[in-house]
Amino acid sequence: MVRLINKNNIDKFANATFRFFDIQSYFTHMASINVPQRNCIYALWHSDQLSLYGIDNKKDLHILISNSADGEIITRVILKMGFSVVRGSSNRKGCISSTLKLIDKLKEGKSAAVMVDGPRGPLHKVKKGVVMLAKETGVPIVPLHWYSKEKTLIKLPSWDKMTIPIFNCHILNLYGEPIYVSPDDDEQMVLEKIKNSLDNLHEIAPEEFKKAKKQKLWKK
């Protein structure tokens, strides 16, 4: 299958995907609660990666994308959306290189987004890379989850159970309390804290969605 994805096909896939999301943006209504400070590390499940579209100041948000063919398509799409990208791979050399690039951006006052159970799982298992970034930079980790009770937020039959809005959809971005990590903090305890925060956001999302609806947070 990968052999069929040559440069021309990647261009076609990327352009078609961008057109879809560009059109979909007119039908997707985003709202947020507990929006964090600018300089942070967003930690989210791979399934919620499209929640990043609800973040303001996209050009200052650096997203880690794999060097795979799928990653190339995603990279071209999110660059057109206005985000910044750092490419990396799962091998040791690629991982170190991409981590160093993200560290530099965070120290410059930018933000980063890490799909903490990506790029291939296991599902909902937080990997240690996000903790390393926080220890090296002192920048807080902010858990992020998105939710909608509407049936138009569809769950795809992929390993990550990725959610994607189709047509008219009201979505709420929920941000957890910032998690600050010192160099001597126990890594496993931080990983558990991130997972617990993401699980908590998942649990409170339905009630927070109801509150957001009463408060009329969606302006369009």
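Show the two strands around them, S1 and strand S9 (residues 169-175), and you'll see a parallel pairing over six bridges. Here two strands pair if DSSP finds at least two bridges between them. Helices (H or I, at least four residues) and strands (E, at least two) are DSSP runs, numbered from the N terminus.

A word on what you're looking at: this is a predicted model, where local features need pLDDT of at least 70 and side-chain atom pairs count only at pLDDT 80 or more, while totals for chains, interfaces and linings use all residues. Residues are numbered from 1 along each chain as its sequence is written, and side-chain values use heavy atoms, with hydrogens and water left out.

Now zoom out to the sheet. It's open, has seven strands in the order S1-S9-S6-S2-S5-S3-S4, and its pairing is mixed. Its edge strands, S1 (28-33) and S4 (84-88), each pair on one side only. From one strand to the next, the twist averages 30°. Angles here run from 0 to 180 degrees between N-to-C directions, and axes are lines fitted to C-alpha atoms, for helices over the stretch in contact.

Next, pick Ile 63. It has the bridge partner Ala 113 in S5 and the bridge partner Val 85 in S4. Strand S3 (residues 61-66) runs parallel to S5, with three bridges in the pairing. S3 and S4 also run parallel, joined by five bridges.

Where does H4 pack? Select H4 and look at the sheet: the helix touches strand S2 (41-44), strand S5 (111-115) and strand S6 (141-147), and its direction makes about 165° with that of S2. Contact means heavy atoms within 4.5 Å.

To see who makes the contact, show side chains for Val 130, Val 131 and Lys 135 of H4, then Glu 187, Val 190, Leu 191 and Ile 194 of H5. This H4 and H5 contact divides into five nonpolar, no polar and two charged residues. Ala, Val, Leu, Ile, Met, Phe, Trp, Tyr, Cys and Pro count as nonpolar, Asp, Glu, Lys and Arg as charged, and the others, Gly among them, as polar.

Slide over to the loop between S5 and H4, where Pro 122 lies. The peptide bond from Gly 121 to Pro 122 is cis, with omega near 5°. His 124 is in the loop between S5 and H4 too, and has a positive phi of about 60° although it is not a glycine. For context, most residues other than glycine have a negative phi, and most peptide bonds are trans.

Finally, show the whole chain. How many helices and strands does the chain have? There are five helices and nine strands, following the pattern α-β-β-β-α-β-α-β-α-β-β-β-β-α along the sequence. The C-alpha atoms fill a box of roughly 45 × 45 × 30 Å, taken along the principal axes.
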